[in-house]
Amino acid sequence: MSAPTEPEREPAASPAPARRTAVIEVRELVKRFGKAVVHDHLNLDVWRGEVLSIVGGSGSGKTVLLRQIVGLERPTSGCIKVFGEDPAKLRPAQLQALRNRWGLQFQRGALFSALSVIDNIALPLRELRALPDNLICRAALLKLQLVGLSARDADKMPSDLSGGMIKRVALARALALEPELLFLDEPTAGLDPMASDDYVALIRELRRELGLTVVMITHDLDTLVALSDRVAVLADHKVIAAAPIPDVVKVDHPFIREYFLGERAQRALLALPQAARFPQPAAPPGEA
Ligand SMILES: Nc1ncnc2c1ncn2[C@@H]1O[C@H](COP(=O)(O)OP(=O)(O)O)[C@@H](O)[C@H]1O
Ligand SMILES: [Mg+2]
C-alpha cells in the first residue's frame, strides 16, 4: 500500500440522482436532552455506496446523530430509517438483526483490554451463536489480514499495540459480520499523520473491495478530503449542507468559512481534483 501524493479518486463517487438508493433517511429529527436542543428538524440522506462525512463544531450533535441512527439513543421526534427500518420502532431481536448489517467503530469503546486481538475480532461472531468456534477463528483471522495485520498479531493483547494497530483491530471487529454499512466516529483521532494516512488508504481500499457505504465523523481535513464523496455539515441544530466539498465550501455560513477557509484547510483542499480554493469570500447560495 503506497501513499500516493496525488490521491486517486474513486471512479464512482456518489451515484447519479436517478440511480440513488437511500440506505439511511433522517426526516425532521428532533433531539432534546431536557431543555437542551441538539437537533431541530434535521434532515439527511445517505446513498448506497457513498462515503458521507459529517462535520460540525464540538458539541454540535454529530455523535448523538450517529447514536440515534444505530438505535442506541431515541429521537425526541421525527423519523430515522436504515435499510427502510426505523431502529426506534423495532423489537430487540429485530433491532439486533438490523445491527448485524452494519459495523461501528466509535472513538471511545475501542477494544476489550482483557481479550486478545483475535478474541476481540471474533466477539461479534461468537455473540451470533451460529458458528462453530474453528470457523469463527478462521473468519476472524481473515478479517485481521483484511485490515493489514498478520496472524502473528492474533494473540497480542491490546496493551501491546500501537494506536494505529488498535484502530485496525477495532475496524476488523466492525467488519466481522461483513456489514454493508460502516459507521466511523473520528477514526483517525489521536493517530500521527503517517498512521492516519495509512488508515485512510485502508478505508479507501476496503470501500472499493467490499462496496461499503461509509458514514464517518471526522475533524481531520485531510481524512475528509481523501475519502468523502459528500460532506454533511451540522450547524444550528440542522444539516445546513450535504454535498461534495466543492459545493459545500460555497455555502455562506460562519462554520463553513471558519472550517474550510483557514490556511490549513486550503492546503488540504489542494488535494481535490477540482481544487476548491477561494479567490474571494464565497457568494451566498444562489448568487452567481
Ligand atoms: N446522554 C446525554 N445527556 C445529556 N446531554 C447529552 C448526552 N449526550 C450528548 N449530550 C449533549 O448533546 C450535545 C451534542 O453532543 P455530541 O453529539 O456528543 O457532540 P459532537 O458533535 O461533539 O459529537 C452536547 O452538548 C452534549 O453535551
Ligand atoms: Mg462526537
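Biologist: Leaving aside neighbours within four places in sequence, which residues is Ile121 in contact with?

Modeller: Two residues are in contact if their C-beta atoms, placed from the backbone, lie within 7 Å. For Ile121 the list is Ala140, Lys143, Leu144, Val169, Ala172, Arg173 and Ala176. This is a predicted model, in which local features need pLDDT of at least 70 and side-chain atom pairs count only at pLDDT 80 or more, while totals for chains, interfaces and linings use all residues. Residues are numbered from 1 along each chain as its sequence is written, and chains are lettered from A and ligands numbered from 1 in the order in which they are written.

Biologist: How many residues does the largest nonpolar core have?

Modeller: In soluble globular proteins, nonpolar side chains tend to be buried together. A nonpolar core is a set of buried Ala, Val, Leu, Ile, Met, Phe, Trp, Tyr and Cys residues joined through C-beta atoms within 7 Å. A residue is buried if 20 or more other C-beta atoms lie within 10 Å of its own, exposed if 12 or fewer, and partly exposed in between, with C-beta atoms placed from the backbone. Here the largest core has 69 residues, and Ile121 and Val233 have the most contacts inside it. Of the 288 residues in the protein, 36% are buried.

Biologist: Which residues are around ligand 1?

Modeller: A residue is near a molecule if its C-beta atom, placed from the backbone, lies within 6 Å of it. Around ligand 1 these are Phe33, Val38, Gly56, Ser58, Gly59, Ser60, Gly61, Lys62, Thr63 and Val64. Three are nonpolar, six polar and one charged; Ala, Val, Leu, Ile, Met, Phe, Trp, Tyr, Cys and Pro count as nonpolar, Asp, Glu, Lys and Arg as charged, and the others, Gly among them, as polar. Helix α1 (residues 62-69) gives the most to this shell, with three residues.

Biologist: In what sense do β8 and β9 pair?

Modeller: Helices (H or I, at least four residues) and strands (E, at least two) are DSSP runs, numbered from the N terminus. Two strands pair if DSSP finds at least two bridges between them. β8 and β9 pair in the antiparallel sense over five bridges, and Ala235 has Lys238 in β9 as its bridge partner. Their hairpin has two residues between the strands, and Asp236 takes a positive phi near 55 degrees.

Biologist: Where does His237 lie?

Modeller: His237 lies in the loop between β8 (230-235) and β9 (238-243). His237 has a positive phi of about 70 degrees although it is not a glycine. His237 counts as partly exposed because 18 other C-beta atoms lie within 10 Å.
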